[in-house]
Amino acid sequence: MSSSLQVEKSCFALSDDETHQSLLSELNESQRKAICACLSSLHCSKSTVDLISGPPGSGKTKTLGTLLFALLKMNCRTLVSAPTNIAIKEVAYLKVGAEIEEIYLDYHVKKLSQCFKPLNGWKHCFVSMIDLLENCVSHYHMFIENEMRKEQDHFEHDNSNGSKHHKPSCSGVRVHKSFLEFVEERFLSIASPLKDSVSLLCMHLPRSCILEQNSENMASLIWNLESFRELLLMISPDQEGLPRSW
């Protein structure tokens with residue numbers, strides 16, 4: 001069997017995908033040959049350029065879409081450019097269907113921009129999480145002091161207006177949220193945007209921009225955050241001495 005026939009046979013037996021078969025059934029012999037000629041270039045050691053030409057309405061877009069679909073099934077990374085978005089949409093629709101938003105660079109840039117916001121971007125959340133885990137006891141004491149100060153201010157304000165209220169309790173730990181409740185609330189408020197940011201980085205950054213070790217570290221971070229959340233849920237709320245043992 002000649003190499004061209006081998007390529008042609010492999011071109012159209014890539015999968016049993018219904019979309020693939022539907023696209024192939026709509027091609028004529030000339031279009032099939034054009035696709036196979038392009039795919040045969042993959043086996044060539046030299047750089048080549050293949051030109052598909054034809055008059056308007058001859059099926060160039062359909063041919064290109066089917067070619068891209070074949071390359072997708074062969075796990076070949078492909079870059080497509082066109083002078084207008086309309087042309088890209090037509091080609092992409094044949095390749096990936098109706099959901100084509102992800103083919104635009106602006107879409108990925110918009111998603112990635114969420115990871116670098118000053119108040120809930122990955123860096124801010126990462127630093128905040130480290131600070132919480134290392135200094136949660138001191139943060140809790142500051143929280144209790146602030147809550148008691150608010151109660152005292154409220155008490156003094158009411159007294160100045162002639163209202164009668166009991167003096168606020170000095171035992172802040174009893175009247176306010178527990179240490180565990182405080183940590184759970186703060187942890188969840190930081191962990192959620194942190195996981196979202198890391199997931200967006202993994203999803204929308206090109207693989208070539210992330211070292212394999214960094215990719216593994218990000219996956220490990222998401223797993224550790226979820227494991228720590230489950231650990232917090234397992235701790236008894238009335239466990240005494242928790243701040244001292246933290």
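**Notes on a predicted helical model**

Reader: Starting with Ser199, what does it count as: buried, partly exposed or exposed?
Author: Ser199 counts as partly exposed, because its relative accessibility is 33%; here buried means under 20% relative accessible area, exposed means over 50%, and partly exposed lies in between, with a 1.4 Å probe and protein chains only.

Reader: Before I go on, what kind of model is this, and what cut-offs apply?
Author: This is a predicted model, in which local features need pLDDT of at least 70 and side-chain atom pairs count only at pLDDT 80 or more, while totals for chains, interfaces and linings use all residues. Residues are numbered from 1 along each chain as its sequence is written, and side-chain values use heavy atoms, with hydrogens and water left out.

Reader: Where does Ser199 sit?
Author: Ser199 is placed in helix H9; helices (H or I, at least four residues) and strands (E, at least two) are DSSP runs, numbered from the N terminus.

Reader: And which backbone oxygen does its side chain reach?
Author: The side chain of Ser199 comes to 2.8 Å from the backbone oxygen of Lys195. A polar contact is a pair of N or O atoms within 3.5 Å; within protein, one must be able to donate a hydrogen and the other to accept it, and residues adjacent in sequence count only if both atoms are side-chain atoms.

Reader: Then Lys195 itself: what does it form a salt bridge with?
Author: Lys195 forms a salt bridge with Glu226, and their closest N and O atoms are 3.1 Å apart; the term stands for a side-chain nitrogen of Lys or Arg within 4 Å of a carboxyl oxygen of Asp or Glu. This pair links distant parts of the chain, since Lys195 is in helix H9 (residues 179-204) and Glu226 is in helix H10 (residues 212-234), 31 residues apart.

Reader: What do those two count as, buried, partly exposed or exposed?
Author: Lys195 counts as partly exposed at 23% relative accessibility, and Glu226 also counts as partly exposed, at 26%.

Reader: Which residue forms a salt bridge with Glu226 at 2.6 Å?
Author: That is Arg229, whose closest N and O atoms with Glu226 are 2.6 Å apart. Arg229 and Glu226 are three residues apart in helix H10, so they are separated by about one helical turn. Salt bridges that share partners join Lys195, Glu226 and Arg229 into one network.

Reader: Why would residues three or four places apart point the same way?
Author: An α-helix has 3.6 residues a turn, so residues at that spacing point the same way.

Reader: How many salt bridges are there in the structure?
Author: The structure holds five salt bridges. One of them joins the side chains of Lys150 and Glu147 at 3.6 Å, N to O, and both residues lie in helix H7 (residues 122-160), three residues apart. Lys150 is exposed, with a relative accessible area of 54%.

Reader: Changing topic, how many helices and strands does the chain have?
Author: The protein chain has 11 helices and zero strands, and 27% of its 246 residues count as buried.

Reader: What about the second largest pocket, how much space lies in it?
Author: About 620 Å³ lies in the second largest pocket, where a volume is the space filled by probe spheres set on grid points that are joined across faces, edges and corners. A pocket is found on a 1 Å grid over the protein atoms alone, as an open set of points where a 1.4 Å probe fits, with protein on both sides within 12 Å along at least five of seven lines, and lining residues have an atom within 4 Å of a point.

Reader: Which residues are closest to its centre?
Author: Of the 24 residues that line this pocket, Cys38, Asp50, Leu64, Leu67 and Leu68 are the closest to its centre.

Reader: Which helix gives the most to the lining?
Author: H4 gives the most to the lining, with six residues.

Reader: What is H4 like in span, and which of its residues are buried?
Author: The 14 residues of helix H4 (residues 60-73) should span 20 Å at 1.5 Å a residue, and the end C-alpha atoms are 20 Å apart, which agrees; the expected span is 1.5 Å times one less than the number of residues. Its buried residues include Leu67, Leu68 and Phe69. Just after H4, Asn75 takes a positive phi of about 60 degrees.
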